[in-house]
Structures are given as C-alpha cells and as structure tokens.
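Trainee: Please take me through one part of this model closely, beginning with the pairing of its strands and moving on to what surrounds them.

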Amino acid sequence: MEAQNQEVAALVEKIAGLHAAISKLPSLSPSAEVDALFTDLVTACVPASPVDVAKLGPEAQAMREELIRLCSAAEGHLEAHYADMLAAFDNPLDHLARFPYYGNYVNLSKLEYDLLVRYVPGIAPTRVAFVGSGPLPFSSLVLAAHHLPDAVFDNYDRCGAANERARRLFRGADEGLGARMAFHTADVATLTGELGAYDVVFLAALVGMAAEEKAGVIAHLGAHMADGAALVVRSAHGARGFLYPIVDLEDIRRGGFDVLAVYHPDDEVINSVIVARKADPRRGGGLAGARGAVPVVSPPCKCCKMEAAAGAFQKAEEFAAKRLSV
C-alpha cells in the first residue's frame with residue numbers, strides 16, 4: 001500500500017508540474033511547445049495507475065478541474081486548426097487522416113457502436129444526436145459512414161464557429177452522406193422536445209466539465225429523451241481523469257437511465273464508454289441488472305487491438321471510396 005501511495009503521489013506531483021507549465025503558456029494554439037507539453041501530459045496519464053481522482057485533496061482537485069479546462073481549450077484550438085487545413089482541399093473528407101488522432105476516433109466510434117448493439121439488442125437507429133460535436137465531427141462522421149448508414153445525425157455544439165467549420169468539411173461530399181449530417185448551434189440545456197425524437201444520443205466527454213455540470217446535462221437529457229432511447233456517454237478512468245471528466249454512474253441512474261455497460265480502454269483510446277438506456281415504465285421497471293452489478297467490459301485481446309489499429313489506417317485510406325457508396 002505504501003508503494004502504491006508513493007506512486008500516486010509521484011504522479012500527482014508530475015501532473016501538477018505540467019499543469020503549472022501549461023498554465024504559463026501565452027497561447028494554447030498548436031505550436032512545438034504546446035504539443036510537447038500536452039504530449040508529456042497524455043504520456044503520464046494513459047498508463048494504468050492506482051490513482052483515484054475522487055480521493056484527491058481539495059488542492060489537487062482544483063488543479064485537476066483547471067487542467068481539464070485547459071485540455072478542452074487546447075483541443076478546441078487543435079481541432080479548429082486542422083478543420084481550417086482540411087477545408088482548404090477541394091474534397092476535405094479525402095484527407096481526414098492528416099489529423100494526427102483520426103485513427104483514435106475511428107477506434108472509439110467502432111467501440112461505441114459495438115457496445116451499443118451488444119447491450120441494446122435490436123436497436124436500429126434512424127435518428128441520432130451527437131452533443132458536443134465540435135469543429136471536427138469525426139465521431140458522427142465515422143458512425144454515419146461506417147456503422148449507421150441509415151441514420152440521420154443532428155450534431156449540436158454551442159459554438160457557431162465550430163459548426164461553420166464542421167459544415168465546410170462536407171463541401172464536395174456525396175449527397176447521401178452530406179444530407180444525413182446537420183449542425184445546430186445550441187446549448188443542450190435549451191433542447192427539450194427535440195431530444196424526444198432520437199433513438200440514440202451520444203454525449204461528448206467535454207460537455208459539462210465539472211461533476212455538477214455533467215450531472216445537470218444528464219438529468220436534462222433524462223427529462224426529455226424518449227423512454228427506451230439509448231445514451232452513450234464518454235468518461236474517463238484512473239489517471240485519464242486528469243484529461244477528461246469522470247462520469248458518476250449514480251448521476252446517470254438519477255437522471256432516469258439504466259446503466260447497461262461500462263468499458264475502460266487500456267490502449268491509445270483515452271475515453272471510457274458508458275452505455276445506458278432511458279428507463280421505460282412499460283417494461284415494468286429498470287432493465288435487467290441495471291440497479292445491480294454493471295458489466296464492466298474487459299479490454300480486447302492484443303490480436304484484436306492490432307486488428308483494430310490496422311483497420312483504422314485502412315479505413316482512413318478507403319474513406320473517400322466508401323463515402324461515395326453511402
């Protein structure tokens with residue numbers, strides 16, 4: 001236990017030092033210094049760690065919350081930079097692999113789809129909402145092109161400039177895919193009746209960064225989503241909780257959802273994934289196992305990871321051809 005405590009203390013000290021350095025940056029726009037510091041941060045947070053961020057002291061908690069906000073701002077600058085770069089091409093969707101983390105989005109979106117169809121049997125979404133889509137809506141794009149070819153996607157972001165950048169990516173896209181992707185400038189807290197139309201709602205990791213904000217967003221979704229509709233929430237686990245908010249499963253349950261599965265990656269995919277379903281009174285209460293033990297899905301075997309990684313690069317290369325047939 002003592003060795004474990006020392007490991008946690010050393011990690012928190014390292015991350016606090018990186019937080020201090022990042023806080024002093026004159027800008028979070030992409031640059032050699034910004035890239036180096038955030039690379040060091042991710043490298044420190046990704047390996048398995050015994051740290052439980054919920055048990056950190058007040059000072060460390062405050063540092064963590066500010067660090068997540070800095071990560072969010074830096075991510076926004078990075079995505080805006082690459083969205084503008086991609087928009088300079090005649091067919092931006094042909095060049096998605098130029099974004100250095102595109103393969104991660106491919107893997108994460110496939111993971112979310114696989115968990116969704118596994119734990120919500122028979123689901124065949126025709127209307128999907130992605131809340132917090134940003135200037136590079138890779139997740140909904142990959143889902144629409146490769147996994148849910150019959151679904152219409154409504155992407156919500158409260159930043160109008162982010163939505164404008166996202167729309168520009170579809171210049172030159174085939175009518176089938178482009179017609180299924182809409183972008184709306186709105187805060188999720190202002191959405192009411194619209195939410196009842198969706199079969200699935202995906203909630204981005206950085207929508208509601210503080211715990212109480214995230215709980216409020218989930219409660220709002222629970223108040224307005226249709227009974228039986230699925231909710232896919234991105235979270236974090238262990239030291240990755242210094243990069244993204246960790247979602248409390250009880251907040252999801254209190255929001256009116258049955259929690260069906262939780263997945264904690266142990267590879268380059270940073271976010272954990274939670275699959276839930278809006279409780280349906282017609283089913284006679286919560287779904288089986290929803291109030292008891294939640295299945296925590298084991299990470300895939302190494303051969304599966306290698307196949308997934310190879311598939312990400314292959315999908316990037318084949319995307320242009322694939323989108324023409326969607």
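Mentor: Two strands count as paired if DSSP finds at least two bridges between them. Strands are DSSP runs of E with at least two residues, helices are runs of H or I with at least four, and both are numbered from the N terminus. The model is predicted, so local features need pLDDT of at least 70 and side-chain atom pairs pLDDT 80 or more, while totals for chains, interfaces and linings use all residues. Residues are numbered from 1 along each chain as its sequence is written, and side-chain values use heavy atoms, without hydrogens or water.

The sheet is open and has eight strands, in the order β3-β2-β1-β4-β5-β7-β6-β8, with mixed pairing. Its edges are β3 (181-185) and β8 (296-297), each of which pairs on one side only. Further in, β5 (residues 230-235) and β7 (residues 272-278) run antiparallel and are joined by six bridges. In that pair, L231 stands opposite A276 of β7.

Leaving out residues up to four places away in sequence, L231 touches V201, L203, L221, M225, F257, I274, V275 and A276 (contact: heavy atoms within 4.5 Å). L231 also belongs to the largest nonpolar core, which has 71 residues; L231 is one of the members that touch the most others, along with F138, F170, L203, L221 and I252. Such a core is a set of buried Ala, Val, Leu, Ile, Met, Phe, Trp, Tyr and Cys residues joined through side-chain atoms within 4.5 Å. Helix α4 (residues 102-119) gives the most to this core, with eight residues. At least three residues come from each of domain 1 (1-93) and domain 2 (104-305), with bounds from an automatic or database domain assignment. A second, separate core has 30 residues, including V12, C71, F242 and L243.

Now the charged side chains. There are eleven salt bridges (a Lys or Arg side-chain nitrogen within 4 Å of an Asp or Glu carboxyl oxygen). One of them pairs R165 with D84 at 2.9 Å, N to O. R165 is in helix α6 (residues 160-168) and D84 in helix α3 (residues 58-87), so this bridge ties together parts 81 residues apart in sequence. Both are partly exposed, R165 at 22% relative accessibility and D84 at 30% (buried is under 20%, exposed over 50%, partly exposed in between, with a 1.4 Å probe and protein chains only). R168 joins D84 and R165 in a network of salt bridges.

Two further bridges lie within single helices. R167 and E164 approach to 3.5 Å between their closest N and O atoms; they are three residues apart in α6, about one helical turn.

Apart from neighbours within four places in sequence, E79 contacts F99, Y105, G134, P135 and L136.
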